[in-house]
Every structure is written in structure tokens, then in C-alpha cells.
Amino acid sequence: MKKSILALAVATALATPFAAQADTILYGSARVSVDYSDDESLLDSDGSWDVVNNSSRLGVLGSEDLGGGLSAVYQYEFGVDLTEGGNFEGNRPKFVGLKGGFGTLTLGTQETPYYHVAGITDVFNTDRSLGATSFLGGSFNGFSLNTTNDRDLGDGSLFRLDNSIYYSTPDFSGFSGEAMLVMNGSVNDAQGYSDGVDLWNIAAKYSNGPFFAGISYISLDADNNFLIGDGISVDLDLDQWIVGLGYSGGPFSVGFIYEQGTLNEFGLLGTARINGVRLLDGDDANNWYLTGEYRFGNNTVRAAYGQLNTEFNIPGDDDTIDNYLVGYQYDFSKRTRIWVEYVGRSADNVLYGDQNAVSIGTRVDF
């Protein structure tokens, strides 16, 4: 990332009338790969090759000193698809707020406290590493709070949430806290959530030197059940928690998470009912995930293993899904890299089967 005249021009147009007086940065990341995937799920198909975008983005961020230790902060980031269009969209971070001795308070579309704990294991380059079973809730997606713009059941995200208020405390010798409230007004009131706070998320973290520890809890409290068909309803009183541990010292890094709850696709299915009769179990869906990496020179090797338990308890069905990943990365510079990564899944589940995928890609940051 670097400052530029273009960055100031973009910020002038998109941020505030006085952005030219602020410290504004234009940044981006281009991430494209050639992937092969063979997925033996319900929609079983032959293996295929594809040129894939991996969350490329373009944005501006910055701050303005307001005096007395107070600053205005802002970020406006867009998803950029280098392969199939669809540019300048998605729920990437877009917020504005204030930062001072009290901490940071911002409003907009923002990363969640939950992800700030789970992210200790987000170390691979391919988007497939956050796929349908590596984390609780398929593609790291929770239950959608936004029913507009064709984003209905199952399209929420535990990465970032829109219509949110976010607060983080100052750092106290490595200890810090975060809180997020999501409020989507009458739209969510009509869908059975509430006309106040739809979702809340808190986290406590410790980060000092090579050590990291965190815990987060997220909850959706609905006023009533959501009807998705004649006699079919979903209980929207959902919650989920996660703990994370990490260590990064010298050339070694490791990360571990354990998560459990219903704010994910497995738990959501477990709360569905037809005429009051539950379709599946799944209230106690849980997942653990361990990552490690070793860096030597310009090279990095990574590996991960995790196990997700859907707790559906269907006779003849295996509730356990095993995930395993390995990868190699070569850094040409601090901004440019290439990677080769393998993502595997072993499952005999009502929703998922075995999967094998290889991603060969490049990334350039600026």
C-alpha cells in the first residue's frame, strides 16, 4: 500500500469534502488462480478446471486528526472480480467512525469480532480454504440478516456484517475487547427478527508478542419463527461461540479454533420443522481446525487439518467431515507471490461427499 495523488482524488470523490487534508491510502490486491475441483456432493459432477478470482479487492482508507487525541477514520473497499466481472460489489468493509482514548467506534459494513478470533487460522491463499466444511457454517456463512437484493436464507457471513455498529476497546497490556450490534430496521422486523437489535457479537482477546488467545459469542434473537413454506418453519433463536489460540515465533506459526452452535447452516437445518416436527438434529454442531506454517527464505509451507461434526444423527449417515489442506508459497517480494495449494475433504454426509481441489495462483498487493 502507498499514498498517491490518485488515492487523494478517489477519497475526495468517495469519502468527505476534506479528505485531501487527511491521511488517505489507495490499496488493492489482485488474486487469481487456476483451480481443479472434483466434488462428490449431492450435485456430483466430473472434475473441472476453472480460472478463479480469490477475493481480489480495491479500496481507500484513512484518517483525519481532529485534535485532542481524536481522529476520524474511514474505509471504503470493493470486491473486484478479475475473471468474470461483478466488480465494485460485495460486503467488503465500508465504514466511518471515530478513534480516540476511548477506543474505536464505527458504523457500516465491518469485520466481525467472531472473525477476529477465527481468523487466526485463515492462512491459505485460495478461497477454497474457507469452503463449505472447513469452518462451522459453510463458506464461513451464518444465517442471513439481510433479505434484500436476493440475499435470503443462508447467505449471511461471519466475515463481515452490514448495518452494523462496531466498538473496540483500547489495548490494555495485550488485552482488548470488541462488540458489534446489527440493526436492519423494518426489513428484518417483517421477517420475524426484531425492530431493534437483530444480532449481537462480543469478543475478548489477548495478543502479546508471539501469543494470541480469543473467545467470541454471537447471537441472533428473533421475535418469532421464520416461515419458509406451507407448515415449514425455522427457529431463529440462534447462537454460536468460538475459542482461538495462536503462536507465531521465528519461522513457525500455529493456530487452533474450536466452535460450536446453531448460527450456521448445520445448526439452522437442525432447527427446521414441518408442522412442528423437527426435520434433523444439529443443535450441537461443532468444529475444530488446526493450522501450521513454516517459513524459510522466500518460501512458506502450510498444512491444516480439521473435523466438523454436523450432529444430524441420521441412521446410516456419517456425521463427521474431515478437512485437510497443504500448500506452498513463494514470495518474489513483499507484494508479489505465487502458490500451489491442495484442499481435501472426506465425508459421507447428507449434504457433502469427498472433495479434492488444487489451486495454482498468483497474488499482487499494492
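Biologist: What share of the residues in the chain is buried?
Modeller: Buried residues make up 45% of the 366 in the chain. Buried here means under 20% relative accessible area, exposed means over 50%, and partly exposed is in between (1.4 Å probe, protein chains only). Keep in mind that this is a predicted model: local features need pLDDT of at least 70, side-chain atom pairs count only at pLDDT 80 or more, and totals for chains, interfaces and linings use all residues. Residues are numbered from 1 along each chain as its sequence is written, and side-chain values use heavy atoms, with hydrogens and water left out.

Biologist: OK. How many helices and strands are there?
Modeller: The chain has 4 helices and 21 strands. These are DSSP runs numbered from the N terminus, helices being H or I with at least four residues and strands being E with at least two.

Biologist: And what is in the largest nonpolar core?
Modeller: That core has 26 residues, and the ones with the most contacts inside it are Phe135, Leu199, Ile218, Ile242, Leu263, Tyr289 and Leu325. By nonpolar core I mean a set of buried Ala, Val, Leu, Ile, Met, Phe, Trp, Tyr and Cys residues joined through side-chain atoms within 4.5 Å. Two or more residues each come from helix H2 (113-118), S7, strand S8 (175-182), strand S9 (199-208), strand S10 (211-220) and strand S13 (238-249). H2 gives the most, with 4 residues. Another core lies apart from it, with 6 residues, among them Ala285, Leu308, Ala347 and Tyr352.

Biologist: Let's zoom in on S8. Where does Met180 sit, and what is it in contact with?
Modeller: Met180 is in strand S8, and it is buried, with a relative accessible area of 1%. Contact means heavy atoms within 4.5 Å. Leaving aside neighbours within four places in sequence, Met180 is in contact with residues including Pro113, Leu161, Ile165, Tyr166, Leu199 and Trp200. The C-alpha atoms of Met180 and Trp200 are separated by 5.6 Å, though the two are 20 residues apart along the chain.

Biologist: What about Ser168, buried or exposed?
Modeller: Ser168 counts as buried because its relative accessible area is 14%. Ser168 lies in strand S7 (residues 160-168). Not counting residues up to four places away, Ser168 touches Phe102, Gly103, Thr104, Gly177 and Glu178.

Biologist: Switching topic: how many salt bridges does a search of the whole structure find?
Modeller: It finds 7. The rule is a side-chain nitrogen of Lys or Arg within 4 Å of a carboxyl oxygen of Asp or Glu.

Biologist: Which partners does Glu293 have?
Modeller: Glu293 meets Arg295 at 2.6 Å, N to O, and Arg302 at 2.7 Å, N to O. Arg302 and Glu293 are buried, while Arg295 is partly exposed at 26% relative accessible area. Elsewhere, Arg363 and Asp365 meet in a salt bridge at 3.0 Å, N to O.

Biologist: Last one, aromatics. How many aromatic pairs does the structure hold?
Modeller: It holds 15. Rings of Phe, Tyr and Trp (its six-membered ring) pair if their centres lie within 6.5 Å; planes under 30 degrees apart are stacked, over 60 edge-to-face and the rest tilted. Tyr36 and Trp49 make a tilted pair, 5.2 Å centre to centre with 50° between the planes. Tyr36 is in strand S1 (residues 23-39) and Trp49 in strand S2 (residues 48-53), 13 residues apart. Tyr36 is partly exposed at 28%, whereas Trp49 counts as exposed at 60%. Tyr76 and Phe78 are edge-to-face, 5.1 Å centre to centre and 70° between the planes. Ring pairs link Tyr76, Phe78 and Phe88 into a cluster.
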